[in-house]
Amino acid sequence: MSVSVDLSGKTALVMGVANSRSLGWAIAEQLLKAGAKVGFSYQGERLRGELEKLTAGYEGTWIQQADATNEEEMTALFARVGQEFGQLDMLVHSIAFAPRTAMEGRFLDTTPEDWNTALTVSAYTLVSAARHAEPLLSPGSSIISLTYHASQQVVPKYNVMGVAKAALEAATRYLAADFGEREIRVNTISAGPMRTIAARSIPGFGGLYDKGARNAAFGRNATPEEVGKLALFLLSDLGTGVTGQTMYVDAGLSIMTVKE
Ligand code: NAD
């Protein structure tokens, strides 16, 4: 059975595309294919060229630099969303960062600086983006972010990022409650391991990826395209009635202990 989703006339902002492997890009591809108008924000001018290349073939796309922790840049970004679109139907937060030092040693040794950086960039920016977006949202609008199972179980070396993902998942529920009366939905997608820039910065990610493929119910890892398809469901009218949830797309990895 094939379900086709028509997002023509709908608008989206995707925050956090670094290159074609980014999960944000896998999501954007589904939105563009469904006919949505999509704006992108990226962190730092060094990423501009890559994003210009990626979006070149898609009419009506636009890009703007915005560090999600910079209040002025966030204000300018959402002013641009207002100018370009007038309103916003879909907001995609695909942003995370923790200093390498916090992921090399013991969780016990996490410094307050690394804690603050990881939680601010990886969790608080969702709250900030939702607040900036609020005047542009209307009933039926949908917000998503990306999380990881290390919020629920210890994944070696993930350390403070596991705590940041737990905060992101809890923030998803609180935002969903705040937006509930207006039926604006907020959900987070828990993706299995995928080879992206952010993942490569996690010490031992290669081993984690291979183990994931062996242990998942499917005997393989989930793919960025599968993340994109779940995002399409949650962002479109297919997902009405779903809010405050952490939804897994991991080829059945999180349900397994170790396979026989
Ligand atoms: P990625 O490196 O392609 O994307 C991460 C993005 O975050 C980059 O575009 C980076 O520029 C952006 N970013 C970091 N700090 C920022 C800031 N201060 N302001 C604005 N942008 C900032 O890697 P990805 O794997 O596609 O990561 C996207 C999301 O998916 C992250 O939340 C990540 O934790 C999550 N995720 C990834 C995996 C995986 O295995 N790759 C699994 C589960 C969840």
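Biologist: Which residues come nearest to the ligand?

Modeller: This is a predicted model, where local features need pLDDT of at least 70, side-chain atom pairs count only at pLDDT 80 or more, and totals for chains, interfaces and linings use all residues. Residues are numbered from 1 along each chain as its sequence is written, and side-chain values use heavy atoms, leaving out hydrogens and water. There are 28 residues around the ligand, each with a heavy atom within 4 Å of it. The nearest are Ser-22, Leu-23, Lys-165, Met-194 and Thr-196.

Biologist: Which residue has a side-chain N or O atom 2.8 Å from an oxygen atom of the ligand?

Modeller: Polar contacts here are pairs of N or O atoms within 3.5 Å. Ala-198 uses a backbone N or O atom, 3.0 Å from a ligand oxygen. The side-chain atom, at 2.8 Å from a ligand oxygen, belongs to Lys-165.

Biologist: Which residues have the most contacts inside the largest nonpolar core?

Modeller: A nonpolar core is a set of buried Ala, Val, Leu, Ile, Met, Phe, Trp, Tyr and Cys residues joined through side-chain atoms within 4.5 Å. Buried means under 20% relative accessible area, with a 1.4 Å probe and protein chains only. This core has 38 residues. Those with the most contacts are Ile-27, Leu-31, Phe-40 and Ile-189.

Biologist: Is Asn-187 buried or exposed?

Modeller: The side chain of Asn-187 has a polar atom 2.9 Å from the backbone oxygen of Val-242. Another pairing, also to a polar side-chain atom of Asn-187, puts the backbone nitrogen of Gln-245 at 2.9 Å. With a relative accessible area of 0%, Asn-187 is buried.

Terms used: Buried < 20%, exposed > 50% of the residue type's maximum accessible area, 1.4 Å probe, protein only. Polar contact = N/O pair within 3.5 Å; in protein donor to acceptor, adjacent residues only side chain to side chain.
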